[in-house]
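Subject: Structure for you to look at

Hello,

Here is the structure for you to look at.

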Amino acid sequence: MPHLASRMSNAKASVIMQIAEKAKILKQEGHDIISFSVGVPNFLPAEHVYQAAREALENDNGQYLPGRGEVKLIDAYLKRLERNGFKGFQQKNIASGIGAKHVLYSLLYALVNEGDEILIPTPFWTTYQDIADLIGAQTQHLKCSSQQDYKLTAEQLESAINPKSKVFLFNNPSNPTGMVYSEAEVKAIGDVLEKHDLWIISDDIYNRMVFDDMGFHHLLKTNPALVDRMIIIDSISKSYGMPGWRVGMMAGPESVANAMVTLNSNSITNIPGVVGAAAAAAIEGPQDFADEMCVEFSKKRDLVMQTMARIELVSCPRPQGAFYAFPDISAAFGKHHNGRPVADDVAFSELLLETKGVAVVPGSAFGEEKSIRISYACPTEQLEDGLNRFSEFFNELV
Ligand SMILES: Cc1ncc(COP(=O)(O)O)c(C=O)c1O
């Protein structure tokens, strides 16, 4: 039998998806499972989104569509950018893909040569590393500890940049930590970036989920001079309850948007029309639904933090956005649960799932083996139940 291409030896399935799948199977087998694993919102899109999809279906002619995205989707995104204070983008600066994950894959494919380096603040969303592995890129993990609230400092960035560095990948608010950068922190990073000729990918998919009146601060606003090298990524998945609809957007230099359209023409061809129409309605329509969800998430964050504060062996920087918490649980390493050792984050997560039915993702999947990720976007009752079980687990450690 012929072999798979050698590049597949670098390919890994998403750890998060694997854990979510395991939790789902255990549930189907009748186990009492609470999944804090995959980052999916627990609400459905607003009615006007479904209405737009129905209308598109009724008017459908079944044809291929533009690879950049249909004009109504591009224009909806342009208007949203403008409302968010990003001026000067035109249709030629925009492209769309099958989710932000696909947009990221295409962008890195288009920007990075084999051996070039991608600078990634760490902890990072697992897929950044997985895509880098697939396209043969090097990565430099800029480790941000829980003591620094998992946030990158300007000094760290400055000392990491070297001649091989090609892309800086910035994710704010962050998955997996839920941390949000202040304006001053963003500006300090922007000032460093102004001095170095790097592409900047700003993964902003959680930009509507910021709590505590922190505000969402963007490199392009603190440092507008970065515009020629800046690529913004957004998605409908989290804000509008549409992870399965699969639409991601990018805004950036014309050459980069065109590269994405070329790749689309050789891979996906286009976003399905019904999906594109629904995405346009979500992006352009009333945002109060997304705003209400944000308030919900901040209340859930408070529940998570109340539990974390009560557990002596846990230290958890207070998340201010998205729907993740990233507690440092390393003080539990070396202890035992019912005679079984908690050797590391993976053992911790396995024992927690087996004994308490709570699925979390080990921090090592995100480049930080001292922690675990809790995705708290589940119904409040489940969240409370899961958090109680989490506490119980710690009480039972010896
Ligand atoms: C930081 C980050 N970027 C991108 C994505 C991908 O989003 P999409 O569902 O649009 O592919 C995710 C999904 O979890 C994410 O957490």
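How many bridges join E2 to strand E8? Four bridges join E2 to E8 (residues 248–251), and the two strands run antiparallel. Strands pair if DSSP finds at least two bridges between them. Strands (E, at least two residues) and helices (H or I, at least four) are DSSP runs, numbered from the N terminus. Within this pair, Gly97 stands opposite Gly248 in E8.

Two notes on the source. This is a predicted model, in which local features need pLDDT of at least 70 and side-chain atom pairs count only at pLDDT 80 or more, while totals for chains, interfaces and linings use all residues. Residues are numbered from 1 along each chain as its sequence is written.

The sheet

E2 and E8 belong to an open sheet of seven strands with mixed pairing, in the order E2-E8-E7-E6-E5-E3-E4. Its edge strands, each pairing on one side only, are E2 (94–97) and E4 (138–143). Strand E5 (residues 165–171) pairs in the parallel sense with strand E3 (residues 117–122) over three bridges, and Ile118 has Val167 in E5 as its bridge partner. E5 also pairs in the parallel sense with strand E6 (residues 199–203), over five bridges; here Asn171 has Asp203 in E6 as its bridge partner. Five of the seven residues of E5 are buried (20 or more other C-beta atoms within 10 Å of a residue's own, with C-beta atoms placed from the backbone).

The ligand

The shell around the ligand has 13 residues, of which Gly99, Ala100, Lys101, Ser235 and Ser237 come nearest (a residue is near if its C-beta atom, placed from the backbone, lies within 6 Å). Helix H4 (residues 99–111) gives the largest share of the shell, three residues.

The domains

The chain is divided into domain 1 (6–44 + 289–395) and domain 2 (47–285), with bounds that come from an automatic or database domain assignment. Their C-alpha centres lie 25 Å apart. The contact takes 35 residues from domain 1 and 32 residues from domain 2 (two residues are in contact if their C-beta atoms, placed from the backbone, lie within 7 Å). On the side of domain 1 that touches domain 2, the elements that give two or more residues are helix H1 (15–28), helix H11 (288–310) and strand E9 (324–325). H11 gives the largest share of that side, five residues.

Regards

Methods. Buried ≥ 20, exposed ≤ 12 C-beta atoms within 10 Å, placed from the backbone.
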